[in-house]
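Trainee: Could we walk through this one together, a question at a time?

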Amino acid sequence: MKNDLQSRSKRISSVDLPFLAAVLLLLAIGLATLYSAGYAKALQKTGNSYFYIARQGAFAAGGLVVMFLASWFPYKAYRKLAPFLYGASVVLLGAVLLLSNDSEKRWLYIGGFQFQPSEVAKVTVILLLALYLSNPKLRVRSFWRGIVFPAVIFGVCALLVGVEPHLSGAILVCCIGLIMIISAGANVLQMVPIGLACVAGAVALYFSKEYMQQRVYTWLHPESDPTGAGYQALQSLYAIGSGGLTGLGYGNSRQKYLYLPEPQNDFIFSVFCEEMGWIAAVLVLCIFAFLIIRGFYIAAHAPDRFSSLIVVGIVSRVAVQTIFNIAVVSGALPVTGISLPFFSYGGTALLVLLGEMGIVLQISRYATIEKDPPLKSEKSEKQTPSEQEATV
Amino acid sequence: MNMPSSNNRVRYLWPIVFGLLFLGLAGWLFRIQVILHDKYESRALDQQTWEITVDAKRGSIKDVNGVVLARSASAYQVLMAPSQLDSEEERVELATFLSETLGLSYDSVYEKTTKKSQYIVIKRRIESAEADAVVKFVSENKKKYSDALWVSEDTKRYYPLGNLLSTVVGFVGTDNQGLEGLEYYYEQYLKGTPGKITAIRTASGSSLPFETESYQDAVDGYDLYLTVDVQMQYILEKYISNARVEHNVQSRIGGVIMNVKTGAILAMSSKPDYDLNAPFAINDEMTLKQLLKEYKDVASPEYIKAYNAQQVEYRKNKIISELYDPGSTFKIFTAAMALEENLVSLTEKFYCRNSINMGAITYHCASGRSHKEETFRDAMANSCNVAFVQIAERIGVSRFYDYFTLFGFRSKTGVGLPGEAASIFFDKETMSVWNLYSASFGQTFQITPIQLIAGVSAIANGGVYMQPYILDRVVDQNGNVILQNEAEAVRQIISKESCDTLNDFLEYTVVKGKRGYLEGYRICGKTGTSQKVDSSSAGYGNKVVASFVCFAPADDPEIAILVLVDEPNTEIQFGSYIAAPLGRDIMGECLEYLNIEPDYEGDSSSRSVTVPGVVGTSADQAAAAMEELGLIVKIIGDGEKIARQLPVEKTVLCEGNTVLLYTDSKDNENLNTTVTVPYLIGKPAAECNSLLQQAGLNIKVVGENLNYATTVAVKQSVAAGTQVEKGTLITVHFEEKKQ
C-alpha cells in the first residue's frame, strides 16, 4: 500500500493538463470580456473605467497563486479540516445575518476587506458531504443515512444562504448537494416523494404569493413591462439578440452602456454574446462543457471515494452555476442573481473558484487517468476505502 | 458493493446530463441570436438610437418687388429629459418653474416630468425673454438640471403685414406646416428638407466613445415671389375696407386686379379678413360690434358659435372660392360673341319698351325705364336686358355655350391657389332658350370672380386669354431660380377687331354712366347688379351683389379691376351707384401708381352747367333732362313726380356732377338733407372726389397743368365741418405736391 502510494507520488508532479488548460482559457476569456463589459459601468460608478478589470486582474493573480498552492496541498488533509471548515462557514453565515446592515446580507467586512461567506460555504459543504458520503460504513441506499442526513448538511447552509436572502445561492447549494448524494449511490426512487413534495411546495408558493406569479409572468412576457420588472430580462435579450452569428466586434457592445443592469457581473455573458456572436458563445460553452466533462472524468478516476466526491461537488458547482447563469440571461429562466464562473466580477468568488480548481488539480495528480485501464482504476478505488478507514 | 452504480453516475450520467443541457443552451442561444436577431436588434437600436431632426428653415413669401409677406425667424423651444430627474422634489420644482415662466398648466408640465423619456418638448416658439429665463434658471441651480432641461433653437412664422393679402397668403400650423392659402398650396417649395443627426447613445444619453453619429444637412425651404404688388394690394384694400363701412355691407366685399397683358394677379382681397399672426381670431371691429350687439355675452355659447362660424368664413378667399351670378357685367361676353359672329350691325336699332315677351317668359329691364330706340352701343351703355335677350336669340344656345367654354367659365382658372370653386352652368344638351336669355345678362348661372376677371382681361388683351397666375417665381436660398412662371397665352377667343369695337362700347358705357368715369383717363367698364339666390327659397331674393369690372387705359389696356360688393345695405344697391365709384377710385390710384399719366386734353369736366328746374315733372322726364346736360341723376324714393331737387334750380354745377331728385313718396318727407363738408386739403383728386361723393356733395376741380399723380388739394371753397345742403358744389384747388 505504501508502495502504491509512492508509485503514485512519483507521477505526482503531473496535474491534469487538459483541465488546467480549460481553466486558464476560461479565465483569460473571462478577464478579456470583463474588461470590455465593465468599462462603461466602471466609468459611470467610479470615474475609472479600469476599476473592475484592475481589481479582477489582481484577484485572478491571487487566485492563480491559491490554485497553485491548492494543487500541492494534500487533499487528504481535508478529511480532518472539513468539519472545522464547515463549522466555521456556518458561523460566518450566521455572522453575516447578524452583522450586515444591507438589505441583502451577503457581505462581511473585516478590516476594509470584504467577502461573501456564501462563496466559502459552498466549498465547505462539498468537503463535509464528501467526507460523510465516503464513509465506507455508510449505507448509502438507506433513506435516512443516504439521503436525509446528508441533506441536513447542505440544507443548513442552504437555509442560512436563503434567508440572506440569496435564493439562487441556496438553490445552487441544494443542487450541488443533490448531485453529490446521487453520485454517492443514493436510491433515486426514494427521492421521488421528496421531489414531489418540493414540486408541491413550489406550486403552493406560486399560488400563495402574488409576487411569485408576477415574477413568472414577467419571465414569460418580459415585453409586458419593458421599463419595470421586465427591464433586465429584455435588455439582456436585446444584447444577445443584437450579436447575431458573428457579433458586433470586441468592445463594440452598445447594451453595456448602462442599458444592461449588471454588465460586469450577472449579465456579462450577454455582453459577450453581443460582441462576439453565437459562434464564439458556443465555443465558450464547449470549453465549459469540456472542463465539466473532464472534471467528471477526473472524478471517475480519482484515487478514492472522498476525493472523487470532492471533484464531483466542485465540478457540479461550476456546471450548475454556468447553466443557471446562461439560462437566466437568455431568458430561459426567471431573472435571479447568479454569476458566471470565470467571467463575472467578484473577488471572493474568483479566489474560491480558482482554489477549488486547485483542489481538482491536486486530486488529478492522484487520478489514474492516462495509463490505467478502467479496471485498474476501479481496483485502485477499491483500495481506498480501507485507507480511509485507517485515517478516519 | 454499490460502487459500480455510483461510479457510472459520475462517469456517464452527469457528463451526459450536463452535455445535453449545454447543447440545449446552445440551441436556445441560436434561437435568440440568429433566428430572432432582427427583432431584438431593431428593438435595441430603437432604444439606443437618437434621431434628432434639424428643422429646415421655411421659405419666405414675398411680393413681386421682394416685400416680405411671410417669413420664418429664429425663436426658441424648451426641451426636457425627464429621465434625468432623480427625485419628486426636482419634478415638482421644475414643473412649478416651467408652468409659471412659460404660462403652461402645472398639471400638464408635471405629467411630462414623470415620463421615462430623454426628449420631450415643453414649449415651442418662445421669444428670447422666456428662453433667457429658462437658461438662467438652469445655471442658477448649478448643475442639478443641466442634463434635464435645455433650450434649443426653433423657428417662428411672422407675417409682418398682418391682414394684408391674408386670405391669399394663408398661415402655418404648430408644426410649421402650411394650413391655408399659399402656405398650404406651395408647401413642397416652402417647407424644405429637414436634416437629421443620428447617434447611438448610452442609456443616460451621452455619446458612445466610438463614432456613431451621422449627419444629414437640412435644406432650407425656397422663397416664393408673387405677382402681387403690395402697393396695389394696399390701394385695393384701403378702398374696399372703406366702402364696406360706407355701404354697410352685410356679407363681404372683394376685389381683384389683373395685368391684362400677362394674366398676373396684381392684387386680390376680400374683406373682412383676418390677421395672419392670429388666424383664429376676428380682428374686424364692425363684426365684433355686431356680434356683441346680437348676443350680448361674449361667453355665451351662441356668441362663441357665431364667432367661430364668422372667423372660418373670413379666412375664405372670396375671389377664388365663392360663386356668384355675374349679372350685367356678363353682357360684355354676350356682346363679344355677337360682334365676333357679326350678328349685329353697329347701326342697327333695337327698341326697348322696358319688357319683351319671349314665349313663356317676359324679360324686363332692371332700370324700370324704357330705353326706346337704341343702337348696340347704347344697349350696352343702358345695360338693356331687352336688347340683349334679342341678341342672345341670334347667338343661339350652342354658340353661346361654346363661347362660354372658350372664355374659361366652365373650367377652373388654375391661378395657383387652393380652394378654387367650380362654376355652375347648364348642360349643352338640356340648356333651353330661356336659360340662354337669362344667361345673356348674367343670371341663372354662377362663376367665380377670378373667372370673370380672367375673361374680361382676355377682351382687354385683344381677345387673347392669358393664363391667370399669382406665383411669379420660386427661388432657393442661394438665389437660384427653381421655377419661373411666364405669361402664357392660352388661346385667341375673339378677334382684335371685335375687341376694339367692344372696348369702344365699354368706354362709352363708363362715360355715359358717369360714376365709373375718371377725369383724364379712358376707362372701359361695365357694372352689374345681380340678385343673390336666397338659400331658404332657392329662388332669387332681395339681396344683391353689386359689381363693377373695368380696364384701362382704353387705347392700350394695362390692368383690369373687378370689385364686388356682396349685400350692400343702403337705399340704393345698384352696381352703378355702389361698385362703379369704388372701381374708379381704385383704378385711379393704381394708374397713378403705375405712372400712367392722365390726359386732360379735350376734357370737358370743367364745363359749367346750369341746373334746370324739374320739380313737378315726372321722374323719367326729370332724369332725361338732367342727363341731357351731362349731369348724373340720383332718384330717391319711388314716387311718380319730383317733389324736390338738390341743388335747386339755376345752381351752376360742372358736367358730371350729381343732382338729387326726391320724388313725392312719403318716405321723403322730413328727410335730413344737410351734410358735413369733409376735410380735403392734402388729398389727391381721386380721394377728394370720393369723399365729396360719399357726402352727397359735388366737386369743381380747379388747377393748372393738373397731373393726376402729383397734385393734391390745397384749398376748398367751403370749410371742412360746415353744414350744407346735399348737392352743394365745392370748388377744390389742386396744386403740385411740394416735395
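Trainee: At about what angle to E19(B) does helix H18 of chain B run?

Mentor: Before that, remember that this is a predicted model, where local features need pLDDT of at least 70, side-chain atom pairs count only at pLDDT 80 or more, and totals for chains, interfaces and linings use all residues. Residues are numbered from 1 along each chain as its sequence is written, with chains lettered from A and ligands numbered from 1 in the order in which they are written. Helices (H or I, at least four residues) and strands (E, at least two) are DSSP runs, numbered from the N terminus, and angles run from 0 to 180 degrees between N-to-C directions, with axes fitted to C-alpha atoms, for helices over the stretch in contact. H18(B), residues 496–513, lies across E19 and strand E20 (540–552) of chain B, and its angle to E19(B) is about 75°.

Trainee: Which strands are at the edges of that sheet?

Mentor: The open sheet has 5 strands in the order E10-E9-E21-E20-E19 of chain B, with antiparallel pairing; strands pair if DSSP finds at least two bridges between them. Each edge strand pairs on one side only, and those are E10 (265–271) and E19 (524–533) of chain B.

Trainee: Which residue in E21(B) stands opposite Val256(B)?

Mentor: Look at E9 (253–259) and E21 (559–566) of chain B, which run antiparallel and are joined by 7 bridges. Opposite Val256(B) you'll find Leu562(B).

Trainee: And which strands does helix H9 of chain B touch?

Mentor: H9(B), residues 230–246, packs on the sheet, and its direction makes about 25° with that of E10(B). Contact here asks for C-beta atoms, placed from the backbone, within 7 Å. The strands touched by H9(B) are E9, E10 and E21 of chain B.

Trainee: Over to chain A: how do H2(A) and H11(A) run relative to each other?

Mentor: H2 (17–46) and H11 (268–300) of chain A pack at about 160°, with axes 10 Å apart. Over 145 degrees counts as roughly antiparallel, so H2(A) and H11(A) are roughly antiparallel.

Trainee: Which element of chain B gives the most to the side that touches chain A?

Mentor: Across the interface, 37 residues of chain B are in contact with 44 of chain A. The elements giving two or more residues to the chain B side are H1 (3–35) and H2 (37–48) of chain B. With 21 residues, the top contributor is H1(B).

Definitions and conventions
Angles under 35 degrees count as roughly parallel, over 145 as roughly antiparallel, 65 to 115 as roughly perpendicular and the rest as oblique. Two residues are in contact if their C-beta atoms, placed from the backbone, lie within 7 Å.
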